[in-house]
Amino acid sequence: MAEKKGVKIAAQNRKAYHDYFVEDRYEAGIELFGTEVKSIRAGTLNLKDSYCIAKNGEMYLHGMHISPYEHGNIFNRDPVRPRRLLLHKREISRLQALVQQDGYALVPLSVYFKNARVKVEVGLCKGKKNYDKRDAMAKRDAKRDIDRAMKSYNR
């Protein structure tokens, strides 16, 4: 079977952009079983409230929900089980050191297919305060109003 080329986004964690400042991004592979990959292809996964933890020199993704595959019968796994991320040792040790500083968290930003392989984009994030969130919403609303006014002006 020929491998499919290109990138196809399966899911995005929009809540992460609302709750955190994304300072750095990393691409990681993820260890999955066959029925989980089929379920991701069907688009039945949720990244909300998921996070990454480094433990024993390995990185794990907790809280990602992959719904059981409809035709999977006995091969389906626990939908919210911890899944191992595939990163280099030096990346894991660097990220673990940064996360131990206060205010930093590792949050999955998106899950996508890259050349028929499932990849996870992990962000090194710093938490936003409530006033930061309100400021971001005000800027987004102002930009939307400006774009709307420019569109009606150009007609």
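R144 is partly exposed in this predicted model, with a relative accessible area of 42%. Its salt-bridge partner is D141, and the closest N and O atoms of the two sit 3.1 Å apart. D141 is partly exposed too, at 37% relative accessible area. Both residues belong to helix 4 (residues 130–154), where three residues, about one turn of the helix, separate them.

Salt bridges that share partners also link K15, D19, D49 and K133 into one network. Within it, K15 pairs with D49, with 3.5 Å between the closest N and O atoms. K15 is in helix 1 (residues 14–19), while D49 is in the loop between strand 3 (45–46) and strand 4 (51–55), so this pair ties together parts that are 34 residues apart in sequence. On the accessibility side, K15 is partly exposed at 37%, whereas D49 counts as exposed at 56%.

Now for a strand-to-strand case. K114 forms a salt bridge with E27, and their closest N and O atoms are 3.4 Å apart. Why does this pair tie together parts that are 87 residues apart in sequence? Because K114 lies in strand 8 (residues 104–114) and E27 in strand 2 (residues 20–30). K114 is partly exposed, with a relative accessible area of 32%, and E27 is partly exposed at 35%.

| Salt bridge | Closest N and O atoms |
|---|---|
| D141 and R144 | 3.1 Å |
| K114 and E27 | 3.4 Å |
| K15 and D49 | 3.5 Å |

Definitions and conventions: Residues numbered from 1 in each chain as written. Predicted model: local features only at pLDDT ≥ 70, side-chain atom pairs only at ≥ 80, totals over all residues. Heavy atoms only, no water. Salt bridge = Lys/Arg side-chain N within 4 Å of Asp/Glu carboxyl O. Helix = DSSP H or I, 4+ residues; strand = E, 2+ residues; numbered from the N terminus. Buried < 20%, exposed > 50% of the residue type's maximum accessible area, 1.4 Å probe, protein only.
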